[in-house]
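Morning, everyone. I have one structure to walk through today.

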Amino acid sequence: MPAALHPYLNFAGNAREAFEFYGEALGANPQFATFGEFHAVPEGDPNADKIMHGSLEVTELIRLYVSDTIEGMGPPFQQGTNVTLSLMGDDEPVLRSAYEKLSVGGTVTMPLEKQMWGDVYGSFTDRFGIVWQVNISAPQESQG
């Protein structure tokens with residue numbers, strides 16, 4: 001998949017409710033994974049059922065992503081500024097270059113490195129205050 005830019009919406013605990021509403025309004029079915037399912041929080045943590053990542057594919061060209069925010073996940077949640085720009089794809093040179101260049105003068109929240117889900121991921125706030133995520137998809141095994 002070539003590099004693509006997707007809006008990533010963050011919520012203070014009601015991401016599931018918001019995306020179910022958006023899905024119904026836009027005629028699409030949201031998909032969710034929780035912090036607990038990703039083992040991103042300890043077992044029994046009150047944030048285990050919150051949404052770590054959700055997607056809503058409205059058309060081939062319109063895809064939204066969603067997450068609940070939890071402590072330690074980046075800047076504190078603030079209503080009205082809860083949109084992140086997410087660069088995604090498998091073109092590693094293009095996406096690494098974008099991460100390196102866009103983060104100059106900004107604040108790196110998470111270095112660009114391999115994550116538990118197999119992709120290379122990093123996040124930062126650019127020098128203009130815009131929050132970015134870069135996700136480089138793991139190479140797909142060829143089916144032969």
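Start with one pair of residues. G122 stands opposite V134, and V134 belongs to β8. Keep β8 in view, please. Before going further, a caution: this is a predicted model.

So what surrounds β8? On one side there is β7, residues 120-125, joined to β8 by six bridges. Those two strands run antiparallel. They form a hairpin, with five residues between them. Look at the turn. G129 sits there, with a positive phi of about 90°.

Next, β5. This strand also pairs with β8, but in the parallel sense, over five bridges.

Now β5. Here five of the seven residues are buried, so β5 is largely enclosed by the rest of the structure.

β5 has another partner. Strand β1, residues 4-11, pairs with β5 over six bridges, in the antiparallel sense. The bridge partner of A4 in β5 is M88.

Let me zoom in on one residue of β5. S86 lies in that strand, which covers residues 83-89. Why does S86 count as buried? Because its relative accessibility is 1%, and the cut-off for buried is under 20%. Which residues does S86 contact, beyond its neighbours within four places in sequence? They are A4, L5, H6, Y8 and Q133. A4, L5, H6 and Y8 fall within the span of β1, residues 4-11.

S86 and V134 are 48 residues apart in sequence, yet their C-alpha atoms are 5.8 Å apart in space. And V134 is where we began, opposite G122.

Now a second residue, elsewhere in the fold. T34 lies in strand β2, residues 31-34. Buried or exposed? At 9% relative accessibility, T34 counts as buried. Leaving out residues up to four places away in sequence, T34 touches R16, A48, D49, K50, I51 and M52. Compare the spacing with V94. T34 and V94 are 60 residues apart in sequence and 29 Å apart in space, C-alpha to C-alpha.

Time to step back to the whole protein. How many helices and strands are there? Two helices and eight strands. Along the sequence the order is β-α-β-β-β-β-α-β-β-β. The radius of gyration is 15 Å, close to the 15 Å from the globule rule for 144 residues, so the protein is as compact as a globular protein of that length. The C-alpha trace spans about 40 × 35 × 30 Å along its principal axes.

What about sequence range? Take contacts between residues at least 6 apart in sequence. Of those, 51% join residues at least 24 apart.

Then burial and surface. Buried residues make up 37% of the 144. The protein exposes about 9000 Å², and carbon and sulfur atoms supply 53% of that area.

Last item, charge. There are 7 positive and 19 negative charges, and their mean positions lie 8 Å apart.

To recap the part I'd keep on screen: β8 pairs with β7 in the antiparallel sense and with β5 in the parallel sense. β5 in turn pairs antiparallel with β1. Questions, please.

Definitions and conventions: Residues are numbered from 1 along each chain as its sequence is written. This is a predicted model: local features need pLDDT of at least 70, side-chain atom pairs count only at pLDDT 80 or more; totals for chains, interfaces and linings use all residues. Side-chain values use heavy atoms; hydrogens and water are left out. Helices (H or I, at least four residues) and strands (E, at least two) are DSSP runs, numbered from the N terminus. The radius of gyration is taken over C-alpha atoms; the globule rule is 2.2 Å times the number of residues to the power 0.38. Buried means under 20% relative accessible area, exposed over 50%, partly exposed in between (1.4 Å probe, protein chains only). Contact means heavy atoms within 4.5 Å. Accessible areas come from the Shrake-Rupley method with a 1.4 Å probe; for residues, only the protein chains shown count as cover. Lys and Arg count as positive and Asp and Glu as negative; His and the chain ends are not counted. The place of a charge is taken as NZ of Lys, CZ of Arg, CG of Asp or CD of Glu. Two strands pair if DSSP finds at least two bridges between them.
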